[in-house]
Amino acid sequence: MKLIADTMEPVGLWSHPAVIVANHFVHKSLSNWSLNIAVGCGHGCRFCYVPSSSTNKLAAQLAAYGVQDPDAEWGDYVLLRPWDESKFRASLALAERTPRSQLNADGNRAVMLCTTTDPYQVFRHRNTTRSKELTQQALTLVRRALEMIRDESTLNVRIMTRSPLARQHFDLFKSFGPRLLFGMSLPTLRNDLAKVYEPRAPSPSQRLATLEAAHAAGLNVYVAMAPTYPECDSMDLRSTLQAIKQVDPLTIFHEPINIRADNVQRIAAQGQALGVMLRTEVFATRESWLAYTLEALRAMTEISRDLRINNRLHLWPDKILGSKWAVDSMPQPEKYRAWLERRWERISEWPRSAAA
Ligand code: SF4
């Protein structure tokens, strides 16, 4: 693979190779490590936390690729990390040697692909030949990295994607047995809503079909109904959960959306352009958002009980729900705080024979 970076092109090769690094998830129970194959993400989800928490810090380097504002241009730049087998092997060995006593148990001793991008995505370069080349290069990188994790370590793997391209690796996933969980984000079955919030990601119907194929292939599956949107009413939440139940997921993560003010404006403009009615008033004040998010968590709990899958529902209450103003606004603050703690401390399920 070429190891020099593309310059003044927002889709191309990054300068630093893909390696496994420790991550610092709080209250998520997803993994102990991340393997991120690219800087940027072509899906360009409007609610994505990555530009504000991660790529903004790379603004100076991204400028060399023609990116002026990593936040505003989120979704337009995707820079594939090159493959350097010796560096990857060293990072894998370091993770493998980490004593369990130093790991947060809620990570299940897993490496997650990916946490700041999607491991399976089309690289949309303006030159179609380059586009195909980069997309294939990314698939090759992911395959080689997974083979090495499988053969040279005892680590678990959590795949998280929105793309049916992952089907190309189902054979590889299967070869991990209980050491690998395959998951997709599926907040709604409404394709029109996804066009507003996740404008460049594959549609919910494509994702559901991929999850069904994964289940049929005998993979260990989980689903992230995350984030759900204010427009996801109880009928939509129910039909999405019913569809998810059919793929027999080990865990269903759920989180209502929480977005920054400038992203609300972008979503409102997109909704207007597509003629989709939105409930952006939910984001007007912290109180209105709190009322919305608690109602969404309550509705999901109730519906999952009805569908007899409540034991698989793993709620992700936002950390803001634990702030003083939120706790103080509850009729029974102590009971509420205990409810939050139980959700935050939950360790997500892993297939039994590979449990950490
Ligand atoms: S797929 Fe994930 S990383 Fe990519 S834009 Fe969407 S939320 Fe962000």
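Modeller: Happy to. With 356 residues, a compact globule would have a radius of gyration near 21 Å, and the protein, at 20 Å, agrees with that; the radius is taken over C-alpha atoms, and the globule rule is 2.2 Å times the number of residues to the power 0.38. This is a predicted model, where local features need pLDDT of at least 70 and side-chain atom pairs count only at pLDDT 80 or more, while totals for chains, interfaces and linings use all residues. Residues are numbered from 1 along each chain as its sequence is written.

Now to the sheet. Strands pair through backbone hydrogen bonds, either parallel or antiparallel. Here 3 strands, in the order β1-β5-β4, form an open sheet with mixed pairing. Its edge strands, each pairing on one side only, are β1 (11–13) and β4 (38–40). From one strand to the next, the twist averages 15°, with axes being lines fitted to C-alpha atoms and angles running from 0 to 180 degrees between N-to-C directions. Two strands pair if DSSP finds at least two bridges between them; β1 and β5 (residues 78–80) have 3 bridges, in the parallel sense. Within that pair, L13 stands opposite L80 in β5.

As for the setting, the protein has 12 helices and 11 strands, counted as DSSP runs (helices H or I, at least four residues; strands E, at least two) and numbered from the N terminus. Its C-alpha atoms fill a box of roughly 60 × 50 × 40 Å along the principal axes.
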